[in-house]
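Good morning, everyone, and thank you for making time for this. Please have a look at the sequence and the structure as they come up, and I will then walk through a few places.

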Amino acid sequence: MGNGPKQKKPGSRSKIKKYKRACLTKHRAKDIDQIQDEVAKAKSEGDTNCTRLSQVEFDEDLPGGGQYFCWQTNRHFADQKAFDDHKRTREYKRRVKQIKEEKYDPVAAAGMTKEKLPPAHAKR
């Protein structure tokens, strides 16, 4: 049994707001619009396949030295096998699909633009 330090019961931190916020934001991924902005910037510079986004300089602190980086999900992987396995996951496929969609425009969503419709009765 022992006289070591007492552990808190599971779920005892569930009502602490500061703890909840820290847990939610600790491993937060990039937002879709941020990634779409990076892709647009890369394409405007002439990089059609976005290879610039996946090339990262060697860094000892990152898994795999930072050589296996997925720019769609903003994650680093230890080796090529883990990176290839990641590309087959549901999370990756959903993210790629979201990135390909048209960028969210708050002005259009608010209905501030005027939609031009074709005339109901064409003139003869």
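Let me begin with Lys-30, which counts as partly exposed because its relative accessibility is 25%; on this scale, buried means under 20% relative accessible area, exposed over 50%, and partly exposed in between, with a 1.4 Å probe and protein chains only. Before I go on, please keep in mind that this is a predicted model, in which local features need pLDDT of at least 70 and side-chain atom pairs count only at pLDDT 80 or more, while totals for chains, interfaces and linings use all residues. Residues are numbered from 1 along each chain as its sequence is written, and side-chain values use heavy atoms, with hydrogens and water left out.

Which residue does the side chain of Lys-30 meet in a salt bridge? The partner is Glu-38, at 2.4 Å from N to O, where a salt bridge is a side-chain nitrogen of Lys or Arg within 4 Å of a carboxyl oxygen of Asp or Glu. Glu-38 also counts as partly exposed, because its relative accessibility is 27%.

How many salt bridges does the structure hold? There are four, and another of them joins the side chains of Glu-91 and Arg-75 at 3.5 Å, N to O. Glu-91 lies in helix H5, residues 90-100, and Arg-75 in strand S2, so this pair ties together parts that are 16 residues apart in sequence; helices (H or I, at least four residues) and strands (E, at least two) are DSSP runs, numbered from the N terminus. Glu-91 is partly exposed, with a relative accessible area of 46%, and Arg-75 is partly exposed as well, with 37%. A salt bridge also links the side chains of Arg-88 and Asp-85, at 3.1 Å from N to O, and these two residues belong, together with Lys-81, to a network of salt bridges.

Helix H2, residues 32-44, has 13 residues and reaches 18 Å from its first C-alpha to its last, close to the 18 Å expected at 1.5 Å a residue, the expected span being 1.5 Å times one less than the number of residues. Where do the buried residues of H2, namely Ile-35, Gln-36, Val-39 and Ala-42, sit around the axis? They cover an arc of only 125°, which puts them on the same side of H2, the arc being that of the directions from the helix axis to the C-beta atoms. After H2 comes Gly-46, whose phi is positive, near 100°.

If we leave aside the neighbours within four places in sequence, Gln-36 is in contact (heavy atoms within 4.5 Å) with Gln-98, Ile-99, Glu-101, Glu-102 and Lys-103.

Ile-99 brings us back to H5, where this residue is buried along with Tyr-92, Arg-95 and Val-96. Seen down the axis of H5, the buried residues fall within an arc of 100°, so they line one face of the helix, and they pack against H2, S1 and helix H4 (80-86). On the other side of H5, Arg-90, Lys-93, Arg-94 and Lys-97 are exposed.

A word on aromatic rings: the structure holds one aromatic pair. The rings of Phe-77 and Phe-83 have their centres 5.8 Å apart and their planes at 50°, so the pair is tilted; rings of Phe, Tyr and Trp (its six-membered ring) pair if their centres lie within 6.5 Å, and planes under 30 degrees apart count as stacked, over 60 as edge-to-face and the rest as tilted. Both Phe-77 and Phe-83 are buried.

I will finish with Asn-74, found in the loop between strand S1 (68-70) and strand S2 (75-77). The phi of Asn-74 is near 60°, a positive value in a residue other than glycine.
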